Amino acid sequence: MGFFDKIKDAFNRIKEENKYLARTTARMNSNNLYGWVNYKTGKMDPNDDFRAGSYVNVEDGKGLIYNTGDEDYLFEPGDITSFDLLGDGHPLPGGKDAAGNQTKILTLRFSVAFKDGKKTTMDINCKKLDTFKAIFKL
């Protein structure tokens, strides 16, 4: 593979990884954002069912796991087979306060399994946790 082929291949990978960027940004900025999926720092595990740092929304009574480079994963009430508390999660950015300081939204981390066999962790916004549990019958 020549030099220009390598550059073209790199641009194609970047394009593919970011093809959902605008949609992801709009979803993150909506009131439908409930938290992080598979939030971790350090080396990513290629065996994970969901990309590290994905997001979870609830839209029209259905759950949605998404990021900038993968197809959406939809789940409905009854699709979650286990939802176990692990502890504190990574906070969500909460905008700025009156003084211009960045605020944080507290989350709790849960180990989640779906009926199709996929597993992950979710850091759910504490203020939206009761609604999340009610929607998905947890």
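Ser54 is placed in strand β2, which spans residues 54–59; helices (H or I, at least four residues) and strands (E, at least two) are DSSP runs numbered from the N terminus. The model is predicted, so local features need pLDDT of at least 70 and side-chain atom pairs count only at pLDDT 80 or more, whereas totals for chains, interfaces and linings use all residues. Residues are numbered from 1 along each chain as its sequence is written, and side-chain values use heavy atoms, with hydrogens and water left out.

With a relative accessibility of 1%, Ser54 counts as buried; buried means under 20% relative accessible area, exposed over 50%, and partly exposed in between (1.4 Å probe, protein chains only). The side chain of Ser54 reaches the backbone oxygen of Arg51 at 2.7 Å and makes a polar contact with the side chain of Asn67 at 3.0 Å. A polar contact is a pair of N or O atoms within 3.5 Å; within protein, one must be able to donate a hydrogen and the other to accept it, and residues adjacent in sequence count only if both atoms are side-chain atoms. Leaving aside neighbours within four places in sequence, Ser54 is in contact (heavy atoms within 4.5 Å) with Gly35, Trp36, Val37, Ile65, Tyr66 and Asn67.

The protein as a whole contains 3 helices and 9 strands, in the order α-α-β-β-β-β-β-β-β-β-β-α from the N terminus on. Of its 138 residues, 30% are buried. Among contacts with a separation of 6 or more, 51% join residues 24 or more positions apart.

In soluble globular proteins, nonpolar side chains tend to be buried together. A nonpolar core is a set of buried Ala, Val, Leu, Ile, Met, Phe, Trp, Tyr and Cys residues joined through side-chain atoms within 4.5 Å. The largest such core here has 18 residues, of which Val56, Ile65, Phe75, Phe114, Met122 and Phe132 touch the most other members. At least two residues of this core come from each of β1 (33–37), β2, β4 (73–75), β5 (80–88), β8 (107–114), β9 (119–125) and α3 (129–135). The most is given by β8, with 3 residues. Apart from this core lies another, of 6 residues, including Leu33, Tyr55, Leu64 and Leu92.

Charged side chains supply a further set of links. A search of the whole structure finds 3 salt bridges, each being a side-chain nitrogen of Lys or Arg within 4 Å of a carboxyl oxygen of Asp or Glu. In one of them, Glu76 pairs with Lys62, the closest N and O atoms being 3.5 Å apart. Because Glu76 lies in the loop between β4 and β5 and Lys62 in strand β3, the pair ties together parts that are 14 residues apart in sequence. Glu76 is partly exposed at 39% relative accessible area, and Lys62 is partly exposed at 35%.

Asp79 forms a salt bridge with Lys115, with 3.2 Å between the closest N and O atoms. This pair links the loop between β4 and β5, which holds Asp79, to the loop between β8 and β9, which holds Lys115, 36 residues apart. Asp79 counts as buried at 16%, whereas Lys115 is exposed at 60%. Asp123 forms a salt bridge with Arg109 at 2.6 Å between the closest N and O atoms; Asp123 is in strand β9 and Arg109 in strand β8.
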